[in-house]
Amino acid sequence: MAEAAEQADSGKPAAQSQPGVLRDRYTVRSNQPIAEFATPNAEAFVAEDKRDPNRQLFALICRPELPPRVNVMRALKGATTMGFVPLVEWGTMLWPPIGRQCMTVIYERPQGRKLMTNLRAEFKRIDEYDIPRRVVEPMVAAIKELTARGITHRSIRPTNMWFMDEGAERITLGDCVSQPPAFDQPLVFETVESGMANPVARGSGTFSDDLYSLGVTIIFMLLGRNPVAHLDEEQLLKQKIQQGSYNTLVGDERLPLPLVELLRGLLCDDPDQRWDIESLDLWLSGRRLSPLQSRMEKRAARGFPFNGKEYGNCRELAQAMAKNWELAIPPVLEGKLELWLRRAVEDAERAGVIAEQVRMALNSGNDKRAGVDLMLCKVLIILDPTAPIRYKGFNAMPDGFGSALAAVMAQKGDSRLMAEIILRGVPSLWFEARKSYLPDNSLMEGNFRELKGYLTQTAMGFGLERCLYEMNDSMPCQSQLLGEEYVVELKELLPALNAAAAKRSDAKTWPVDRHIAAFMGARARSDIDRNLVQLADPEPSRSLMAMLNLFAVFQYRLGPESLPALAAWVGSLVGPVVIAFHSRDKRKELEKEIPKIIRRGSVVELYNLLENTEARAKDEHEFNWAQAQYHAADEEVKRIQTESDERSVEAVRIGKQTAAVVGILIALITTTFVVIAKVW
Amino acid sequence: MAKKPPPKGKVQQQARPAGSGGMNKVAVLMILAALVPFSLPTVVVLFFTMLPTMGAWASEKGAHKYAWLCVGGLNFSGVIPYLFTLWFGVHTLDEAFNMLSDGGLLLWAYGTSAIGWLIYTAMPPVVASWLAFTTDRRVAALKAAQKKLVEEWGDEVTKKNG
């Protein structure tokens, strides 16, 4: 035993130093980490291409508890645009150091250095005359490429930019796929709205968010340092709200006029006025526009006292209230906010809407507390319509909700708040407050309505798990049954279950749990909700057939042809289905046939064998007939046993009649004989 | 309280056997009376030899009176050879009394009627035994069929639907 333990201990480090292999081609050296290429949430290692050993590559190993941006990986793989570190390959790989499958991204290794090692470091500033050629041009090309592919980068910052060449001429953008969008972004590179959201819930955003990050990055490049390094995130956000992003970041620095124009355009806090790609193209072609002047929100005649401080505008106040949810409720309910809006801000329209919301909350029916929470959420949206959805301390952009839920569930955190947000229709309050129509918004609103429907159903295949997979296309299945397998697509599920089947300890465990059912529901192209509902059927044979049906359909459509371990797993559970047949002969026939099918590894055949409706109907019919026969025989036996007295009376009567007949017959025969004897 | 009169149908049902029995008796007596002038010796012989049959007819009670048929049949088979001897020999009253006094005739007549009684007494238990045997066989066959059904369909088959 001790020897075995020793061997196991000595084997563990050996396994940790083993390389990982992606798609049988790229070897990732787990014993050769590269700190400089690591991102805050993904470690970097040396990677080698077996077909081209001279190729300089590195691999990023994503953290399993954060959903990577698979859709962006798909879009960027093989892209040869100048502005990116080329993404060579991606996929899941068994990563020996942690002994489980991990999402891995292989990049070409830049030859030059990182632009900025950390946000407090100073670096060699880029000359103002080089900015358009060396920075803006490649970045605009990169953002154009992203926009054309329908994706955003959301990780544009100097600490994620590289010189691809040793001469430090060609600047490129680093990784943006190993974590949720903008998750690693320091607040300084995010717009005010995105900065208000929890980092994991910032969402993919739009190209406008990338352009804002580019603007901040240009300031860093011009100055060769972080101009707001002395501010913590809260102060920085407050200052951005109060003074505007440009003023906060540039401050008293003197910048050349052409760049002032560019930066004012990119750092404009109003997303509608912020420069777009077209404006940048014009700027690059030399056409000068008048610099945008930041239009700050009108300050109130007197501040609103809240939590020991005074707030001069609605956005600032809304942010403070969102951070202090419980404290914010009394002044709103007491009408102080309405009064302040009416008198100090002189915005009677907003004051009226808020008064109406308060009145509705006070008159709300059963759940007054829920009504008040929704009221405050709505009030915050009214005060600052562009801010993220803010509810009880959770702040999320609508498109960041999925990654936030994924992170909470992967970290096994408390997901009740997220469920509450969906169930109470909080996102719809945000969508209703949009001033202009956006197709994406109505699509998202529809999705949230669908999620609410899933959440109201508690059965397997629905609930919060279903929401998780519906909102995150690239979320790997989180089922414990799959062990270390990394299953992102439906076609990977059955092979993973087949692999997991060999390791299962409890023979009675079903190969479906809440996560697998929800994953199947979200990833199946057809509507399988009816089958998922049947999974919860109290009749074991029905629920088992529903499970078999799902697996059989997926094996038939997506393969592989043989899944012996999974077939054996499922086969060991089909007892109730076999028992559902009444005929013992049929049961024996099935019990004889099932092992043969299991050896062939076909869940499809197993399903077809058990789901023979004709045989089932025949069995039922014949059973009913047999039951009727049994009871008829029972009745007859009972009748025979209860009618013994009547039968003895009958026996006497028949006996007497028989004796009479015998007597007459003897008389007739005797007479006949006598007649013959005398007459003859 | 006045007693309720019995239903009409019931009265008729009770009256019918008594009426038909009376008619039969009258008919038999009339036939015998008609025979008397032509074959008095035969009547005498029959009267004395068939006394057990008449006794059986008179002694049996109840709805199913079959004793006189059984006893009578055998009684008659004991008498008939002597009747033929009388008919084909000297058919006189003297000869009839002569035969009766011989003893052989009465021995045969009463002996065969005794056998008749024996048959009549033994037949009901025999039939009862036969019926019991057949019903036992039927019950056994039914139980065997039930056992086979249980083997084929399990204990569920014994449960009643619904």
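Reader: Let's start with Glu346(A): is it buried or exposed?
Author: Glu346(A) is exposed, because 11 other C-beta atoms lie within 10 Å. The cut-offs are these: 20 or more other C-beta atoms within 10 Å of its own makes a residue buried, 12 or fewer makes it exposed, and in between it is partly exposed, with C-beta atoms placed from the backbone. Keep in mind that this is a predicted model, where local features need pLDDT of at least 70, side-chain atom pairs count only at pLDDT 80 or more, and totals for chains, interfaces and linings use all residues. Residues are numbered from 1 along each chain as its sequence is written, while chains are lettered from A and ligands numbered from 1 in the order in which they are written.

Reader: OK, and where is the place of Glu346(A)?
Author: Glu346(A) sits in the loop between helix 12 (336-345) and helix 13 (348-362) of chain A. Helices (H or I, at least four residues) and strands (E, at least two) are DSSP runs, numbered from the N terminus. Glu346(A) also has a positive phi of about 60 degrees, although it is not a glycine.

Reader: Which peptide bond is cis, with omega near -5 degrees?
Author: The one from Gly559(A) to Pro560(A). Pro560(A) is in the loop between helix 23 (540-558) and helix 24 (564-571) of chain A.

Reader: Switching topic: how is chain A divided into domains?
Author: Domain 1 is 9-108, domain 2 is 131-284, domain 3 is 304-467, domain 4 is 477-611 and domain 5 is 643-680. Those bounds come from an automatic or database domain assignment.

Reader: How many residues does the contact take from domain 1 and domain 2 of chain A?
Author: It takes 23 residues from domain 1 of chain A and 21 residues from domain 2 of chain A. Two residues are in contact if their C-beta atoms, placed from the backbone, lie within 7 Å. On the domain 1 side, helix 2 of chain A gives the most, with 5 residues.

Reader: What order do the strands have in the open sheet of chain A?
Author: The 6 strands go 1-2-3-4-6-5, with antiparallel pairing. Strands pair if DSSP finds at least two bridges between them. The edge strands are strand 1 (20-22) and strand 5 (87-95) of chain A, and each pairs on one side only. Strand 5 of chain A is joined to strand 6 of chain A by 8 bridges, and Leu94(A) stands opposite Gln101(A) in strand 6 of chain A.

Reader: And chain B? How many residues of chain A are in contact with it?
Author: 36 residues of chain A are in contact with 40 residues of chain B. Helix 29 of chain A gives the most to the chain A side, with 21 residues.

Reader: What feature does UniProt place at residues 658-677 of chain A?
Author: An unreviewed UniProt entry gives "transmembrane region" there. UniProt positions follow the numbering used here, feature names are shortened, and annotations may be inferred rather than shown by experiment. In the model, residues 658-677 of chain A are 100% helix and 0% strand, with the end C-alpha atoms 28 Å apart.
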